[in-house]
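Good morning. I will take a few minutes on one model, so please look at the screen.

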Amino acid sequence: MLAVLKSNDALYQIVFLLHILSAIVAFAPAFSWPFVNLQMRKRGSSVPSDVAGQVAVNDAVVHGPALALAGAFGIIMIALSDGIYEFSQLWISLAFLVWFAMLGVLYGLLVPAGRQAAVDGPDSPSAKRVSMAGGIMHLLIVVMLVVMIWKPGF
C-alpha cells in the first residue's frame with residue numbers, strides 16, 4: 001500500500017529500493033547455505049573449515065549490517081509515509097520485535113556458533129547450533145513477511 005501511495009516520490013522510491021536490497025543481502029545466505037551443506041553431505045563431503053570460517057565472518061560483517069540497514073530503511077519509510085503509518089501501529093511494533101529477534105539470533109547464536117563450527121568441524125555441536133539458528137532465521141523471515149504483507153492492526 002505504501003509503495004503505491006508514494007510511488008511518485010523519488011526519495012521514498014530510493015529508500016524503498018535500499019530497504020528491499022538490504023533485506024535480500026541479509027537473507028540470501030540464510031537460504032542458500034543450508035542447501036549447499038546438504039548437497040555436500042549427500043556427496044560425502046563437507047564445507048572446508050576455511051570456507052565455513054569465511055561464511056561466519058560474512059554473517060558478522062556483511063549480512064548482519066544489511067539486516068540492520070533493512071530495519072533502518074524501514075524506519076525511514078515509515079517517517080516518509082506522511083502519517084499514513086504511525087510507529088504506534090501494531091504491525092510496526094511487531095516488525096520491530098521480529099527485527100530485534102533476528103538481530104539477536106544472528107549476532108547471539110549464528111555468528112558465534114558459525115565461528116566455532118569452522119574450528120570444530122561439520123559434525124560438532126556448534127555446527128548443529130548453526131543449523132538451529134538458521135532455522136530460527138527462516139521462521140523469523142516468514143513471520144516478518146506476514147507482518148509486512150498483512151499489516152495486523154492497520
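Predicted model: local features only at pLDDT ≥ 70, side-chain atom pairs only at ≥ 80, totals over all residues.

Residues are numbered from 1 along each chain as its sequence is written, and side-chain values use heavy atoms, with hydrogens and water left out.

The protein has five helices and zero strands; helices (H or I, at least four residues) and strands (E, at least two) are DSSP runs, numbered from the N terminus. Along the sequence the pattern reads α-α-α-α-α. Along the principal axes, the C-alpha atoms fill a box of roughly 55 × 30 × 25 Å.

Now the helix pair. Helix H3, residues 49-79, packs against helix H4, residues 90-120, at an angle of about 170°, and their axes are 9 Å apart. Axes here are lines fitted to C-alpha atoms, for helices over the stretch in contact, with angles from 0 to 180 degrees between N-to-C directions. H3 and H4 are therefore roughly antiparallel to each other, a label for angles over 145 degrees.

Last, the surface. Ile14, Leu18, Leu21, Val25, Val57, Val61 and Val62 form a nonpolar patch with about 530 Å² of accessible area together. Patch residues have over 30% relative accessible area and no salt bridge, and nonpolar side chains (Val, Leu, Ile, Met, Phe, Trp, Tyr) are joined within 5 Å. Areas come from the Shrake-Rupley method with a 1.4 Å probe; for residues, only the protein chains shown count as cover. A salt bridge is a side-chain nitrogen of Lys or Arg within 4 Å of a carboxyl oxygen of Asp or Glu. Which helix gives the most to the patch? H2 does, with four residues. Leu21 sits in H2.

Conventions
Parallel < 35°, antiparallel > 145°, perpendicular 65-115°, else oblique. Patch = residues over 30% accessible without salt bridge, like charges linked within 9 Å, V, L, I, M, F, W, Y side chains within 5 Å.
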